[in-house]
Amino acid sequence: MNVQSNPVTASDTNARVLSYAEAIREAMAIAMQADPTVILMGEDIGVYGGAFQVTLDLIDRFGPERVMDTPISELGGAGVAVGAALTGLKPIFEFQFSDFAMLAMEQIVNQAAKLRYMLGGEAAVPVVFRMPSGSGTGAAAQHSQSIEAWFGHVPGLKVLQPSTPEDAKGMLLAALADPDPVMIFEHKLLYKTKGHVPEGSYLTPIGKALVRRTGSDLTIVAGSIMLHRALEAAEKLATDGINVEVIDLRSIRPIDRDTILTSVRKTGKLLVVYEGVKAYGVGAEISAMVAESDAFDYLDAPILRLGAADAPVPYNPDLERASVPQVDTIEAAARRLVRREV
Amino acid sequence: MMDADNRPFAIRHYSPAQLREALKRMYLIRRFEEGAEDSYTRGMIHGTMHLSIGQEASAMATCMELTDDDKITSNHRGHGHCIAKGADVGRMFAEFFGKETGYCHGRGGSMHIADVKTGNLGANGIVGGGLPIAVGAALSAKRLGKSDVTVCFFGDGANNEGAFHESLNIASVWKLPVIFVCENNGYGMSTSTARSTAVPHIAQRAAAYAMPGTTVDGNDFSAVSEALHIAIARARAGDGPSLVENLTYRWRGHSKSDRNRYRTKEEIEAWMAKDPIARFRAELIAHGVLDEAGADAIASQAVADVQKGIEFAKASAAPDLSEVTRYVYAEAAL
Ligand SMILES: Cc1ncc(C[n+]2csc(CCOP(=O)(O)OP(=O)(O)O)c2C)c(N)n1
Ligand SMILES: [Mg+2]
């Protein structure tokens, strides 16, 4: 993977290589070691090790009192995590697939997100929800969604999207240190990808995007797995002299307005790439943000969005692939944009 | 229960032709799933799948008295339900291979396998997702003045979802013709019922919703068919829902990615010795419904049907890539 590392920790040149899943597991272990109030809850996270083996051996290290298999009860389980967070524990709740958070929307949206506000600032819900998400696994419509933008619509939540092992670890530690509910969307296809991960505890700042590649012709904003596809497309475009600036969005709420606007002022062109359904998604928010700002004056082409097709995620592998942005579709869109053929 | 001649319910109640067809469909389920497993290993099937090998009596005996007008809702472990309700294995393979001729035109795959024409409203990727839908189907039957019933298949794990409790309560207060069939295979993924469920038997939950609850040996074809016979009669008579719990076991892992760290080899082998198909076959032979040669012929027919099904699926066309958004809405409305 060709990703510039985080400047915050880039000095750590001897960082080890871990997979994204290992990095998340390491973050959980560090937090559990340091703070006895941190507990893990979720379906099959104990001896099974989690559907994606993220919690793997944590039950052996921390025991079933702190690595708790819940019954298949998302509303109850997530709600118990909210109640525990309200009263002194720091639960990390794993949804087996982010799609199943829909069974727990009540507790996430009506309760966790709003309690602090409704109680006039007298209460806090420092819960972390881990959300394995995305398509590409052949699991079809109910196990492949990218619903992160839904939660971007909810004041009171923070919504993160790590694209590298380093960020996956740092964001989880930052989420735990944060006094409010944080949802972390982990991409299933990234779990096995590897990258440098610093030792020990460090916090990836919440709400900060990162320029992963600098360029002058066009800005692409993408997060999670789309960052990697955008970087690959950028490499190809570079061979034709098209210099793309690629921003890793990292945080959907809060969103890093400054980094995006600064880049757009420089390049004058914006392409937003995301895996959720195109309509009403992250791209709409970012486009509007640019359109409502002074950066609008710097645009010399319309803003383009690439998102998923207007359909549930299909089972057939070719249809599935065709339904979300890929390196070739990103590359083609970027070419159209620089030629202003939009 | 046996009669004075020691003949179990199924032998007394169903014709030899019906019993032979039931045995055939049980073999078909087993061979279909083995064929799917093999195709998966060869890379012809994408994604994952949940095999019901070891649970065939539960699926087949439950569907014995259902017609194509009666409905079922199924769950993620739904291949057996689909075949028991009457689906064609060729179109099922085609779906698994992602083909346009598949039951869901390649959009659904194993986890959404369905056959609406034979009354199968679909497998479900969401644990507990089918429970309220089954109650809705029963409401339709009642309001539309039909005598159809709906059977809702779900697992022991699903009984801890809110949807289970809400569905049983609504079905009971509205006296709807639905039969809740819990296939209790002892585990929801890696979590045993002992660790997840406050009562020893799922059927005990029926008491909270004022409906009959029965626990039967789910590997005993006759016992399951008898429990369903009683529950279906009650539903058709307008007396409301029932809960039937079939105790059974899945031989394979939960899905293709299961490392089986939560069950012992001994436990799995003990259950494999209680093969529901071998047991039903022996019972049919013992009661003179067929002989060994007759049973062997049925078994080979299942092998041939599966082979034919795979060939059909392989030869079928894939969906057109330009049709990603087809079937999102009704075509006429666009
Ligand atoms: C709402 C929801 N939660 C979790 C899952 C993941 N999951 C799929 S099947 C399963 C176990 C279901 O157990 P059970 O109902 O007993 O059926 P079985 O697999 O044993 O046949 C789990 C946890 C899911 N698909 N949907
Ligand atoms: Mg089960």
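1. Along the principal axes, the C-alpha atoms of chain B fill a box of roughly 60 × 50 × 45 Å.

2. This is a predicted model, in which local features need pLDDT of at least 70, side-chain atom pairs count only at pLDDT 80 or more, and totals for chains, interfaces and linings use all residues. Residues are numbered from 1 along each chain as its sequence is written, chains are lettered from A and ligands numbered from 1 in the order in which they are written, and side-chain values use heavy atoms, with hydrogens and water left out.

3. Chain B contains 12 helices and seven strands (DSSP runs numbered from the N terminus: helices are H or I, at least four residues; strands are E, at least two). Of its 334 residues, 58% are buried (under 20% relative accessible area; exposed is over 50%, partly exposed in between; 1.4 Å probe, protein chains only).

4. Helix H5 of chain B, residues 89-96, has seven of its eight residues buried, so it is largely enclosed by the rest of the structure. Among the buried ones are B:Met92, B:Phe93 and B:Glu95. Their cover includes helices H2 (16-41), H4 (79-84) and H12 (292-315) of chain B. After H5(B) comes B:Gly98, with a positive phi near 75°.

5. The interface joins 39 residues of chain B to 35 residues of chain A by contact (heavy atoms within 4.5 Å).

6. Some backbone values in chain A deserve a check. Most residues other than glycine have a negative phi, and most peptide bonds are trans. The bond from A:Arg253 to A:Pro254 is cis, with omega near -5°, and A:Pro254 sits in the loop between strand S12 (251-253) and helix H9 (257-267).

7. A:Arg250 has a positive phi near 60° and counts as buried, at 2% relative accessibility. A:Tyr280 also has a positive phi near 60°, but is exposed, at 81%.
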